[in-house]
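Please read these notes with the sequence and the 3D view side by side. Each point takes up one topic.

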Amino acid sequence: MHLLAISTRWETAPAGKLLYTPGVIVAVGHDLIETARIRSLLEREGQRFYRLFAPAELDYCVQLTDPIPSYAARFAAKEAFQKVWPRPHGWRDVWVERPRTLGGPFPYAAPLLGFAPHIAAEMRAQGWRAHGP
């Protein structure tokens, strides 16, 4: 799983027009995890394992025939984000969203990262965006 934190901003030009400053990569986080490790963690921890995931993540994963690869992807995304974020955060402060699509061949859109309000506010203040899974 890889994650890019990108900073963009608008600057005022001499004529009062806004100029777009292209994104600058601020940080890159990367994490790999073996699905066997996640399966082992679930077997060992039982219900405590589920505390690592936001409710929407759990709702999505429990629908799957084998949810372990999806849990592993979400775990890796959280770890990758922690590597680029300047402060510690809780496991449920970052999550992977799979929005439903309206029609089309796939029931879910591409995965997106979701953030707790305090992280989202700081990202907006810094002009940062995160791209992941």
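1. D66 is partly exposed, with a relative accessible area of 36%. Here buried means under 20% relative accessible area, exposed over 50%, and partly exposed in between (1.4 Å probe, protein chains only). This is a predicted model: local features need pLDDT of at least 70, side-chain atom pairs count only at pLDDT 80 or more, and totals for chains, interfaces and linings use all residues. Residues are numbered from 1 along each chain as its sequence is written, and side-chain values use heavy atoms, with hydrogens and water left out.

2. What does the side chain of D66 meet in a salt bridge? The partner is the side chain of R39, at 3.4 Å from N to O. A salt bridge is a side-chain nitrogen of Lys or Arg within 4 Å of a carboxyl oxygen of Asp or Glu. D66 sits in the loop between α2 (55-62) and α3, while R39 is in helix α1; the two are 27 residues apart. Helices (H or I, at least four residues) and strands (E, at least two) are DSSP runs, numbered from the N terminus. R39 is partly exposed too, at 35% relative accessible area.

3. Side chains of opposite charge can pair when their charged atoms come close. By the salt-bridge rule, the count comes to 6. One joins K83 and D31, at 3.0 Å from N to O. K83 belongs to helix α3 (residues 68-84), and D31 to the loop between β2 (18-30) and α1 (35-45), so this pair links distant parts of the chain, 52 residues apart. D31 is buried, with a relative accessible area of 11%.

4. K78 and E57 form a salt bridge as well, with their closest N and O atoms 3.0 Å apart. K78 is in helix α3 and E57 in helix α2, so the pair ties together parts that are 21 residues apart in sequence. Are these two residues buried or exposed? Both K78 and E57 are buried. Elsewhere, R44, E45 and R48 are linked in a network of salt bridges.

5. Look next at helix α2. Its buried residues are E57, L58, Y60 and C61. They cover an arc of only 165 degrees around the axis, which puts them on the same side of α2. The arc is that of the directions from the helix axis to the C-beta atoms. The face turned away from that buried side carries the exposed residues P55, A56, D59 and V62. The cover over the buried residues of α2 includes α3 and β3 (94-97).

6. S70 lies in helix α3. S70 is buried, with a relative accessible area of 13%. Leaving aside neighbours within four places in sequence, S70 is in contact (heavy atoms within 4.5 Å) with Y60, C61 and L64.

7. Helix α4 (residues 117-126) has I119, A120 and M123 buried. Seen down the axis of α4, its buried residues fall within an arc of 100 degrees, so they line one face of the helix. On the other side of α4, P117, R124 and A125 are exposed. Just after α4 comes G127, with a positive phi of about 75 degrees.
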